[in-house]
Amino acid sequence: MTSSTYHFLPWLREGLASRLRQPAPNEDPRRGHLAVGGTLNGQPLTVPPVQVLGPGDVIGLDRAQVIRTDPVPGATGFDTGQYATVDFDSPTLPWLFTPRPPDGDRLAPWLCLIVVPQQRGVSLSVNARLGIAELTISGPTDAAAVLPDLANAWAWAHVQYAGDLDPGQTLGQAIAKYPERSVSRLVCPTRLDADVRYHACVVPTFAIGRDAGLGRPLGSTLAPAWTAADHQVTLPVYHHWEFTTGAGARFVDLVRALRFRTPPAGIGERPFDVSQSGLTTPAGATMPPLVGALCGFGTEVDPAPQWARQALAPMVGAATGLPLYGGEQAGATAVPANDPGWLGELNLDPRHRAVAALGAAVVRDRQEDLAAAAWEQAGEVSAANELVGSARFGARMATSRLDRHITGLATSTLAQFVTPLQRAAAADPESSNAYRRITRPRGPFAAKVQPTTLSTSDGVRAAAAATGGERDALLALLSPQTAVHDRLRRRLGAIVPETRAARAAAAATDGEPVRPVLVAPTIPTAMAPELARVAPQFLLPGADDIEADSVLALQTNPHFVAAFLAGVNAELASELRWRQYPLDGTATPIQQFWDRRGQGGGAAASPDIEGMASWDRADGLAGAFRGASATAQVVLLIRGGLLRHFPRTAVYMIRAADPDHLADERNAANVAYPIFSGALEPDIRFFGFPISTTDAAGGATGPGWFFALSEQPTETRFGPPPSDPRPPTQGAASAAEVAERTLRPPVRVIVHASTLLATEPVANGENS
Amino acid sequence: MGDDPSFLVSLGGFNPRFKPPEHFPVPRRLTLSLGESDNPRLRLSAYLALTSNTVQFGARLDLYASVSVPVVGTFSISALLGFDALITLDPLGLVVDIYAGVSLMWDGDPVLAVYLEFTLTGPTPWHAVGTATFKFLGTHSIHFDVTVGRRAVEPPPVLVDLGGRLRTALEDVDSWSAALPDATGAAVTLAEHAAVPDVVTVHPLGSLTVTQQVAPLNLRIDRYGSARLTGDAAPPFTLGITLDGRSAEAEPVREDFAQGEYLDLTEAERLSWPSFASWEAGARVDDSALLVPPSAARTVSARYEQWELGPDGVVTPLGAADLPDDRMRLQVAGGAAAVNGAWARGERAFAGPDIGVAVAKPTFAVVRVAPPASGVIATLQPEQIMVDSYAAAREALRAAAEAGVRRLRLVDNDEVPAG
């Protein structure tokens with residue numbers, strides 16, 4: 001079996017809801033009940049009764065829980081042979097507030113999905129008092145005919161897990177370990193009619209949920225929200241969207257509509273005007289255009305004109321105010337106008353400064369989340385630095401005491417002081433108290449005998465020989481630096497420099513035995529999606545001019561990426577320092593620009609830029625950009641209805657065995673995934689491939705490659721089984737079986753690169 | 001909130017004998033300047049703090065005045081008067097530190113100074129210990145120690161059924177509370193309903209907590225305030241929580257207890273120990289295991305429905321094609337759950353690897369002191385090493401001493417020998 005698997009579960013529970021029991025006859029049936037007990041020293045305690053919240057306590061759903069709807073909101077042309085579905089992030093959400101334990105394999109969810117045609121008698125309004133929407137079905141529309149039967153509600157909610165299980169792993173363990181592979185789903189069993197506009201609504205299934213959402217007093221039983229006898233119904237709606245059915249929005253049709261076109265003139269470039277900026281501009285001089293992150297093939301980034309560099313050089317630097325991007329990592333505080341390397345190219349070109357400022361704007365937009373993530377990584381650094389601070393203070397106090405009271409002692413007294421600390425083999429009789437008493441300066445023998453210099457033990461003699469001074473050796477034993485350092489090392493471990501050389505180096509710089517702990521967070525998240533959200537016109541300038549349903553070939557601009565990430569890191573460093581984060585200034589926390597999630601250039605590949613401290617001062621800006629995406633030969637951009645209806649379409653390349661057949665996909669060398677991908681709302685997606693267009697198209701160089709466009713494999717679709725006229729719930733034991741019967745396989749369209757990249761014959765004179 | 005919940009309210013900081021938990025922002029004293037000029041100046045600073053078992057308050061009055069006499073110099077006088085009170089509620093106790101002083105200075109050097117400080121503890125008997133210092137041509141101190149309240153007849157020791165009191169506290173519905181899950185976990189908006197009396201209501205993803213301040217758990221207790229213990233249940237008290245008849249995994253919840261009220265301390269320990277310790281006082285049940293239907297999972301093979309788009313724009317169906325698992329695992333990371341789910345929002349979107357900075361908890365060890373061989377000082381061999389609980393280490397020392405082992409010492413932190 002070489003194919004992956006989908007696992008379906010009819011229900012899933014977590015938390016205290018997984019311990020519910022049947023309510024006793026005198027207990028409230030509208031809430032869940034737990035059997036909680038306690039013991040004190042083995043004797044049982046009488047615990048107060050515990051109830052779990054039920055559907056009557058909920059009036060709204062967190063919008064963030066809805067991660068996908070099929071069809072997308074506002075879709076047109078949805079195929080009538082499918083069911084509408086909605087996916088939730090938490091795999092236990094549809095059964096979280098059901099106040100009963102499961103009945104075998106069936107458990108009724110407390111939410112369900114309904115679709116209602118927009119016609120007379122159906123109205124969806126927002127209730128301002130409670131802030132939720134209400135759906136009213138009355139008048140010429142019969143609610144019993146439009147709404148599904150709630151007796152089968154157990155069948156239309158399931159959990160899906162995509163992928164094979166690891167060996168020896170149960171499904172529950174897999175769901176807990178890989179949360180991104182599991183979703184919970186509600187399916188609406190209503191058969192859709194063609195060319196009708198529908199409301200799709202997530203509504204409660206229990207009457208008390210309906211009453212709580214509408215602000216009415218609650219009933220006392222757990223009845224369903226509607227029955228076959230209700231012809232007029234009002235329901236609160238937790239989530240809703242609209243769509244229209246029709247033809248032409250199947251995946252295959254949307255792929256067929258794509259055409260390869262030449263990019264519009266000037267794509268990827270924006271004119272750049274500095275006349276209002278305050279820079280002294282020679283008369284008639286203009287700046288070359290600013291090139292975005294993506295640009296047309298063959299676009300070159302012209303260097304900044306010399307007058308701009310001369311004008312900016314005195315203004316940039318720590319003393320004068322304009323930030324010096326990358327200065328801390330390069331160890332520079334100013335940059336001369338004729339600097340040949342990346343520091344001058346980045347800081348003295350107004351366009352690159354503008355791009356770096358964009359990066360700073362993105363960081364300011366997400367500063368709370370970035371700072372919280374950095375603190376999370378730092379662990380107990382505040383406690384560690386408090387400990388270091390008090391240790392330094394203690395060392396200073398002890399040194400001052402030592403200097404005042406101990407250092408002035410005579411060597412003989414000092415030796416006696418130190419003797420108890422020595423771990424030598426045998427004690428010298430000369431250091432014992434009796435001997436000292438006899439040989440004291442004004443004692444019985446002082447006038448008659450000149451005592452020899454008090455000899456110290458072997459250990460100290462050896463140390464004295466090594467360091468060249470008996471006195472110094474004794475003082476070294478007493479040094480508070482050593483003692484404080486050792487105590488600190490016990491508590492902090494590896495952070496404190498271990499060897500004597502390292503300690504001496506640290507002490508030499510500021511006279512302290514140990515320095516505060518500085519940390520460097522690593523934030524692996526890609527920044528291109530943030531740029532696409534904040535300023536998409538800089539990710540791809542001129543994207544609005546791209547025609548609908550077109551495929552373009554573009555390239556990346558490494559200057560933009562390096563300048564952007566330099567700005568991001570500079571702003572992040574200043575933001576963290578303002579929040580008193582102990583930041584190691586030479587680190588580069590964010591090194592990733594292009595988004596590699598779900599694509600082949602995964603976590604194992606090197607990041608987009610290297611750490612800025614390692615950039616060679618003589619290199620240009622593009623030289624610093626060494627990541628895997630530097631090897632992206634072509635960026636394929638697709639704009640069209642395909643991406644409006646299937647936003648996370650997967651695109652990859654499979655080698656061709658001959659112009660009509662694929663090579664064996666099981667061989668990993670025959671499949672090329674994109675290195676990165678990205679999206680520009682609402683209908684543009686781009687993929688960076690490591691294979692050039694000429695290699696892909698084949699011909700003289702070989703059979704070439706096929707492009708494979710497929711629906712996202714975790715985003716499955718459901719519909720009535722085409723070959724089975726029975727209702728899907730007939731004879732099914734659980735919702736998992738219903739899901740199995742109604743599952744539609746994901747669609748994949750393969751097209752040879754030569755077909756996809758064949759230029760549309762031009763009609764009106766535009767030429768590549 | 002969080003791992004170590006505690007209740008504190010502070011206007012102007014805490015009593016110096018009380019150590020607030022880490023990361024609690026300690027406010028500065030509330031300060032009021034009486035009078036308008038800078039010389040003389042009169043300042044009053046005060047604070048009030050409440051914690052779950054104490055009331056703390058204090059005030060301090062500072063006076064400063066100086067006058068500059070030509071040729072002779074500047075004379076200044078500064079005086080202070082203040083007190084810090086710490087009242088423990090259960091069992092009742094009071095500690096007041098009172099201090100007062102006046103000093104006359106000539107050009108900044110003190111010529112005549114009087115300083116008095118004493119500590120008053122109670123309630124019965126009232127005991128004042130303090131020092132008075134005079135500085136005039138030299139420094140002289142007088143120490144005094146006064147007990148007021150006759151203890152002529154030792155009253156019969158009060159016996160307290162601490163186990164019974166603890167049981168009553170644990171069975172009280174006010175000791176039980178339910179916490180909502182944190183913001184990312186609640187998933188729904190809840191209606192506000194009137195609370196049902198005598199019932200604990202909990203969110204299905206939330207946690208159930210029981211806690212009390214009568215007595216610490218899992219610790220040998222010697223007394224309760226000034227009373228001795230009696231009753232059926234004897235310390236150490238252990239609490240177990242069961243769900244569905246089976247014992248549930250419960251995390252301990254800690255509260256601050258005044259150590260001197262529960263343990264018999266020697267004088268040295270009483271002086272050197274912190275006044276409050278964080279001991280186990282309850283449990284939190286936070287069951288996050290998934291309940292999976294035992295045999296109802298269905299497995300479907302994931303295969304594509306494959307089409308080919310030809311050069312003429314015609315799509316032809318090609319049947320089914322395999323979807324290999326490594327491709328599924330790769331593309332899952334770009335699916336809706338990964339891109340739109342909880343792990344891609346907010347702070348978790350930027351999560352990275354932990355740097356690994358950690359401070360080791362204070363460690364205590366019971367060590368055997370070997371008598372010194374000639375020239376060698378005593379060596380320490382660790383018998384037991386305990387992390388982060390002085391009380392537990394002290395227990396172990398006492399248990400070992402009762403077993404007849406001699407020459408044991410308790411060492412802390414950095415003197416714990418390795419290995």
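Two strands count as paired if DSSP finds at least two bridges between them. Strands themselves (E, at least two residues) and helices (H or I, at least four) are DSSP runs, numbered from the N terminus. Keep that in mind, everyone, for what comes next.

First, some housekeeping. This is a predicted model, where local features need pLDDT of at least 70 and side-chain atom pairs count only at pLDDT 80 or more, while totals for chains, interfaces and linings use all residues. Residues are numbered from 1 along each chain as its sequence is written, chains are lettered from A and ligands numbered from 1 in the order in which they are written, and side-chain values use heavy atoms, with hydrogens and water left out.

On confidence: the model scores ipTM 0.81 and pTM 0.80.

Okay, strands. In chain A, E4 (residues 32-34) and E7 (residues 50-52) pair antiparallel over two bridges. Look at A:Gly32: across from it in E7(A) stands A:Val52. Both strands belong to an open sheet of four, ordered E3(A)-E4(A)-E7(A)-E13(B), with mixed pairing. At its edges you find E3 (20-21) of chain A and E13 (200-202) of chain B, each pairing on one side only.

There's another spot where the chains meet. E5 of chain A (residues 36-40) runs antiparallel to E16 of chain B (residues 239-243), with five bridges. A:Thr39 has B:Gly240 as its bridge partner there. E16(B) is also joined by two bridges to E17 of chain B (residues 246-247), again antiparallel, and B:Thr242 partners B:Ser247. Those two strands make a hairpin with two residues between them, and B:Asp244 in the turn has a positive phi of about 60°.

Now over to the helices. H10 (residues 381-406) and H15 (residues 480-492), both of chain A, pack at an angle of about 160° with axes 9 Å apart. Axes here are lines fitted to C-alpha atoms, for helices over the stretch in contact, and angles run from 0 to 180 degrees between N-to-C directions. So H10(A) is roughly antiparallel to H15(A), a label for angles over 145 degrees. The contact (heavy atoms within 4.5 Å) includes A:Leu387 and A:Ala391 of H10(A), and A:Val484 and A:Leu488 of H15(A).

That's my tour, thanks!

Notes. Angles under 35 degrees count as roughly parallel, over 145 as roughly antiparallel, 65 to 115 as roughly perpendicular and the rest as oblique.
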